[in-house]
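Me: I would like to learn how to read a ligand site and the strands of a model, with the cut-offs spelled out as we go.

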Amino acid sequence: MSPPDKIREEYTLQGVAASPGVAHGPALLYLQQELEVPAYSVEEEAIEDELARFERAIIQTRVQINAIRNQIAGSLGEAEAQIFDAHLLVLEDRALLDEVLQALKSERKNIEYCYHKTAERYIEFFNSMDDAYLKERVADIRDVSRRLLRNLLGLRRADLSALSENKVLVAEDLTPSDTAELNRNQLLAIATDGGSRTSHAVIMARAIRIPAVVGLREATRSIPEGAEILVDGYDGIVIVNPSERTLFRYGKIASARKRLDKIFQASIKEPSTTKDDMPVRLELNIEGAKDLEQIEAVQYDGVGLLRTENLFLKQHSYPSEAVQFEEYRAVVEGMKGKPVMIRTLDLGGDKQLCDGDSKEDNPFMGYRAIRFCLDHPLVFQAQLRAILRAAAYGPVKIMFPMISGVEEMLRAKAAVEEAKVSLREDKLPFDEGVEIGCMIEIPSAATIADLIARESAFFSIGSNDLIQYLLAVDRVNERVAHLHDPAHPAVIRTLVKIIESGKAAGIPISICGEMAGDPLFASFLVGCGATSLSMSPGVLPEVKFFLRSFTLKAAQDLAKAVAAADDSAAVMNLLQSFHQKHVGKVLASVAEEVEK
Ligand code: PEP
Ligand code: MG
């Protein structure tokens, strides 16, 4: 029986444009079900049935884990697949299973209740140990117990890593670990109810160049599984059951976009300078060596931000020094002599290693980034040693995220010295002269940027967090996403102040938040004196094209006017007029073609 016609009518959902591009295909719904574990008594004679159910669920779980293991071994390699060997060990752990059976016999409660209770006790026990290795076990137990409980309860969750056809993913929200699992070759686009432009999962989608629209609120409720949908990542809309006419119109938009991309791409081999030859470094934000596969590294000025969390999120645990070293070395070698700015671990916030064990009410203001690293010397030392060793293969800089004051900066620098001492002792080659700087992304750091500059070889402004903290707008909450406003005069004044402090100290200043890849803001940042803009590879050609269209003096005049503007609307007007004046003609000529 075919579905009623109404279901196939075209309708549009408005969200927030998060990653550029247009794609259409069948929807795959990815729903996160809260695990509610029921508790009920079972009769003596039903105990055998409970045991049989348990055995079936264990076999089913083993088959699933093995399948994921083999898939990861094939795509990422044996080292990454090993985490799933650990999962198999947890699944078959004799002591834990015996305790579950004991509970079943003594308490006569349903098997999922007994399993859940026992697993939670194990988690609590390991969690109370202040030891990175044991904490790793917590993540394993939690992951395995959830999978087993889902199987016992007959709940299904689409397996993202096993996404095997070209589909559009429709989800309530995605965590960064979800995004890390995505198979970039199989996924057409992403549409989510929640999230905002600067949530980490979305930034990662941009890095792998998948069109995305977020903040749709109703997508999972109003889009049926398998429905044909079109995701427009430029305008932030999703069209369900697009008509032939809509597809035709989008076909024209796509070809206009291709023409524009060609125009932008033509400038990529030109030097990164303003029209009057003032150099501005244009660098890449990447998540790992894999991101370099699709680009010709020599065309860029370097990596301005290597986010290192992906490696941790992908394997849901702390990767060894050796695994990290291989990854960082691959990036450094891939950049063929261009500098690579490696940011130390920024876990926490929306990047949790394992959900649940460290739930905080305000994770973005909690146990995150440098706070976590300074508290976990073993984890921090392993990463610092890996970075320093990779630096023996090409120019590397280290930067610390979420620095809030001078003392934190000094402690982080001391940790680098400690890593150097241990590498000398181990007689391992590394670069002694690696430059160390920090991100300015917390208002306190912005306020005392002059003091922090004395301890920093460079600044990199993290505008995503800076805006979040300055305007008190949670970057992953779609209800306040419209308030995340880079044009707010408070943001503008703070940026001017940070850049002035950096200039006064004679250190280079980069911007690596999403603002740097927005052509409208790029001109203002250059006018303020930023020496480098770092952004995802997809937007860099357009920014370079624009950069080459204006003079430094024009950008400086723009920056002065923007800094004096009273409100966001006035700021946006100035930025848009400047953009229009310099590249408007080219953009208009392409737009005219679409209208024809
Ligand atoms: C930022 O905060 O602007 C930034 C670049 O870091 P992240 O987005 O990873 O927090
Ligand atoms: Mg940040």
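Me: Which residues come nearest to ligand 1?

Reply: A residue counts as near a molecule if one of its heavy atoms lies within 4 Å of it. Of the 16 residues around ligand 1, those that come nearest are His200, Arg307, Gly462, Asn464 and Arg475. Please keep in mind that this is a predicted model, in which local features need pLDDT of at least 70 and side-chain atom pairs count only at pLDDT 80 or more, while totals for chains, interfaces and linings use all residues. Residues are numbered from 1 along each chain as its sequence is written, chains are lettered from A and ligands numbered from 1 in the order in which they are written, and side-chain values use heavy atoms, with hydrogens and water left out.

Me: What lies 2.7 Å from an oxygen atom of ligand 1?

Reply: For a ligand, a polar contact is a pair of N or O atoms within 3.5 Å; within protein, one must be able to donate a hydrogen and the other to accept it, and residues adjacent in sequence count only if both atoms are side-chain atoms. Here a polar backbone atom of Asn464 lies at that distance from the ligand oxygen.

Me: Is Asn285 buried or exposed?

Reply: Buried means under 20% relative accessible area, exposed over 50%, and partly exposed in between, with a 1.4 Å probe and protein chains only. Asn285 is buried, its relative accessible area being 3%, and its side chain makes a polar contact of 2.6 Å with that of Ser534.

Me: Where does Asn285 sit?

Reply: Strands (E, at least two residues) and helices (H or I, at least four) are DSSP runs, numbered from the N terminus. Asn285 has its place in strand 9, residues 281–286.

Me: How many strands form the closed barrel?

Reply: Two strands pair if DSSP finds at least two bridges between them. The closed barrel has eight strands, running 9-10-11-12-13-14-15-16 with parallel pairing.
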